[in-house]
Amino acid sequence: MDADNNTAVGVRLQVYLAHCGVASRRACETYIAAGRVSVNGSIVTVPGTKVCDGDVVCVDGQAVHVEQHKRYVLLYKPSGYVCSLADEKGRATAADIVRKRYTERLYNIGRLDMYSEGLIIFTNDGDFAAAIGHPSAELEKEYIIETTNPIPDVLLERFCKGIRIDSVFYRCRSAVRLGSRKVRIVLIEGKNREIRRVFDYFAVGIRRLTRVRIGCVRMGDLRSGDCRELSEREVQGLLHDTARDDGY
């Protein structure tokens, strides 16, 4: 076991699980709190519990192990797929597409809502997921939005300046009009359904919402439902994008 290169003296359980490709650290904390994780046969519900070499860790009764080969996969998620490793309603998941191509346990960094499409990254590298997935990373995400009715200038102006809707503050980094019913928007935080909620506030219906860029990684010729591995340059570029303002 090599999680955090320090398992002889113990590593936090959520960190170990992330290195096993179970899910992101934050998601693993939820799994632990829900009683889905055991160590040496005993259920553990406290995140931060330390595990060491030789400990047997299970999720939902299945033993998990640190992945030796790190994967970084870019998926073009089609509309109609949910961003979850499993769905209690039996809906198709983005992870289903990735599982058909890779044997490692991979999990998504961040989400797109069910009816949005575009780029999402899967990995089994917990450190990488933590670095680019945390809101403080301020990693740019670019979207193309096509609407059912014209987009008023005030929507773009307010979104750029910042707008509070139902006590939640939303602000995009930039908004560039591409047509009367088409716009390019860049976010750096991406609150839950942020774009849809702002457009709904101005009574503008969204016909299609596509994420076309994550940091330095662009869609290129990737088609809906396809995936590819990130290059080493892209991986390092994403890490550089998240570190440039933090003194790394």
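Trainee: In this predicted model, which residues lie nearest the centre of the second largest pocket?
Mentor: The second largest pocket has a volume of about 220 Å³. Its lining comprises 13 residues. Those nearest the centre are Phe-169, Arg-171, Ile-188, Glu-189 and Lys-191.

Trainee: Which residue in S14 is the bridge partner of Ser-174?
Mentor: Strand S13 covers residues 174-179 and strand S14 covers residues 182-187; 5 bridges join them in the antiparallel sense. The two strands form a hairpin, with 2 residues between them. In S14, the partner of Ser-174 is Val-186.

Trainee: Which elements do the buried residues of H6 pack against?
Mentor: Helix H6 spans residues 194-201, and its buried residues are Glu-194, Ile-195, Arg-196, Val-198 and Phe-199. After the helix comes Ala-203, with a positive phi near 60°. The buried residues of H6 pack against strand S10 (141-147), helix H5 (153-161), strand S11 (163-165), strand S12 (168-170), S14 and strand S15 (206-214).

Trainee: Which residues is Ile-195 in contact with, leaving aside its neighbours within four places in sequence?
Mentor: Ile-195 is one of the buried residues of H6. The largest nonpolar core has 74 residues, and Ile-195 is listed with Leu-17 and Phe-199 as having the most contacts inside it. Beyond four places in sequence, Ile-195 is in contact with Tyr-143, Ile-145, Phe-159, Ile-185, Leu-187, Ile-206 and Leu-209.

Trainee: Is the pairing of S9 and S15 parallel or antiparallel?
Mentor: Strands of a sheet pair through backbone hydrogen bonds, in either sense. Strand S9 (residues 117-123) is joined to S15 over 2 bridges, and the bridge partner of Glu-117 in S15 is Thr-210. The pairing of S9 and S15 is parallel.

Trainee: How many bridges join S10 to S15?
Mentor: S15 is mostly covered, with 7 of its 9 residues buried. S10 and S15 run antiparallel, and Tyr-143 has Arg-211 as its bridge partner in S15. The number of bridges joining S10 to S15 is 7.

Trainee: Which residue in the turn between S15 and S16 has a positive phi?
Mentor: S15 pairs with strand S16 (residues 217-218) in the antiparallel sense over 2 bridges. Arg-213 stands opposite Arg-218 in S16. The two strands form a hairpin with 2 residues between them, and the turn residue with a positive phi, about 55°, is Gly-215.

Trainee: Is Ser-38 buried or exposed?
Mentor: Ser-38 lies in strand S2; S2 (residues 37-39) is joined to S3 by 2 bridges, and the bridge partner of Ser-38 in S3 is Ile-43. Not counting residues up to four places away in sequence, Ser-38 touches Ile-43, Val-44, Val-56, Val-57 and Cys-58. The relative accessibility of Ser-38 is 11%, so Ser-38 counts as buried.

Trainee: How far apart in space are Arg-25 and Arg-12, C-alpha to C-alpha?
Mentor: Arg-25 is found in helix H2 (residues 25-33). Its relative accessibility of 21% is why Arg-25 counts as partly exposed, given that buried means under 20%. Arg-25 and Arg-12 are 13 residues apart in sequence, and their C-alpha separation is 9.9 Å.

Trainee: What separates the C-alpha atoms of Val-82 and Asp-96?
Mentor: Val-82 lies in the loop between strand S7 (72-77) and helix H3 (94-99). Val-82 is buried, with a relative accessible area of 8%. Leaving aside neighbours within four places in sequence, Val-82 is in contact with Asp-87, Arg-91, Ala-92, Thr-93, Ala-94 and Met-114. Val-82 and Asp-96 are 14 residues apart along the chain, and their C-alpha atoms are separated by 9.8 Å.

Methods:
Residues numbered from 1 in each chain as written. Predicted model: local features only at pLDDT ≥ 70, side-chain atom pairs only at ≥ 80, totals over all residues. Heavy atoms only, no water. Pairing = 2+ DSSP bridges. Helix = DSSP H or I, 4+ residues; strand = E, 2+ residues; numbered from the N terminus. 1 Å grid on protein atoms, 1.4 Å probe; cavity = no way out; pocket = protein on both sides within 12 Å on 5 of 7 lines; lining within 4 Å. Points joined across faces, edges and corners; volume = space filled by probe spheres on them. Core = buried A, V, L, I, M, F, W, Y, C linked by side-chain atoms within 4.5 Å. Buried < 20%, exposed > 50% of the residue type's maximum accessible area, 1.4 Å probe, protein only. Contact = heavy atoms within 4.5 Å.
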